[in-house]
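Me: I have a structure here that is new to me. Can you take me through the words used to describe it, and show what each one rests on?

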Amino acid sequence: MEIKNISGVVNVYNRMKMNSGKSKVAPAEKKTDKIEFNFARSVDAAKADLAAKVSENASEERINALSESVASGSYDVSPEAIADSILMF
């Protein structure tokens, strides 16, 4: 078997061998990504969005009537209506 042109490989090996004793430069500061979540702000935004949707779909008179019936204890919701609402999602 004949091996040709190994002088380049030998030169690289010799340079690495010579440089192995030298002090190494400290690596650059490691860069990292950072992300923060503000769940309180997300909850507040969701509440505001829900309140806006409720207010655009209900009249003030209806909301007042429902509030009064809940306060007096006469408000009654059928189990079927609750089940239908749950199954919609």
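Reply: What follows takes the terms one at a time and sets each value against its cut-off.

Me: What kind of model is this?

Reply: This is a predicted model.

Me: How many helices and strands does the protein chain have?

Reply: The protein chain has four helices and zero strands. Read from the N terminus on, its elements run α-α-α-α.

Me: What percentage of the residues count as buried?

Reply: Of the 89 residues of the protein chain, 1% count as buried. The chain exposes about 9200 Å², and carbon and sulfur atoms supply 58% of that area.

Me: Why is Ser-69 called buried?

Reply: Buried means under 20% relative accessible area. Ser-69 has a relative accessible area of 16%, so Ser-69 is buried. Ser-69 is found in helix α3. Leaving aside residues up to four places away in sequence, Ser-69 touches Ser-74 and Tyr-75.

Me: Why is α3 said to lie largely in the open?

Reply: The number of buried residues among the 13 of α3 is one, so the helix lies largely in the open.

Me: How do you know that the span of α3 agrees with what a helix should have?

Reply: Helix α3 covers residues 60-72, and at 1.5 Å a residue its 13 residues should span 18 Å. The end C-alpha atoms of α3 are 18 Å apart, so the two values agree. After α3 comes Gly-73, whose phi is positive, near 85°.

Me: How many salt bridges does a search of the whole structure find?

Reply: The search finds two.

Me: Why are Asp-49 and Lys-53 separated by about one helical turn?

Reply: Both belong to helix α2 (residues 39-57), where they are four residues apart, so about one helical turn separates them. An α-helix has 3.6 residues a turn, so residues three or four places apart point the same way.

Me: What makes Phe-37 and Phe-39 a stacked pair?

Reply: Ring centres must lie within 6.5 Å to pair, and planes under 30 degrees apart count as stacked. By this rule the count comes to one aromatic pair. Phe-37 and Phe-39 form that pair, with 5.9 Å centre to centre and 20° between the planes, and the pair is stacked. Phe-37 is exposed at 61%, and Phe-39 counts as exposed at 60%.

Me: Which residues make the nonpolar surface patch?

Reply: The patch, of about 460 Å², is made by Val-70, Tyr-75, Val-77, Ile-82 and Ile-86. Ile-86 has its place in helix α4 (residues 79-88). Patch residues need over 30% relative accessible area; Ile-86 has 59% and counts as exposed.

Technical notes: Residues are numbered from 1 along each chain as its sequence is written. This is a predicted model: local features need pLDDT of at least 70, side-chain atom pairs count only at pLDDT 80 or more; totals for chains, interfaces and linings use all residues. Side-chain values use heavy atoms; hydrogens and water are left out. A salt bridge is a side-chain nitrogen of Lys or Arg within 4 Å of a carboxyl oxygen of Asp or Glu. Helices (H or I, at least four residues) and strands (E, at least two) are DSSP runs, numbered from the N terminus. The expected span of a helix is 1.5 Å times one less than its number of residues. Buried means under 20% relative accessible area, exposed over 50%, partly exposed in between (1.4 Å probe, protein chains only). Accessible areas come from the Shrake-Rupley method with a 1.4 Å probe; for residues, only the protein chains shown count as cover. Patches are made of residues with over 30% relative accessible area and no salt bridge: like charges are joined within 9 Å, nonpolar side chains (Val, Leu, Ile, Met, Phe, Trp, Tyr) within 5 Å. Rings of Phe, Tyr and Trp (its six-membered ring) pair if their centres lie within 6.5 Å; planes under 30 degrees apart count as stacked, over 60 as edge-to-face and the rest as tilted. Contact means heavy atoms within 4.5 Å.
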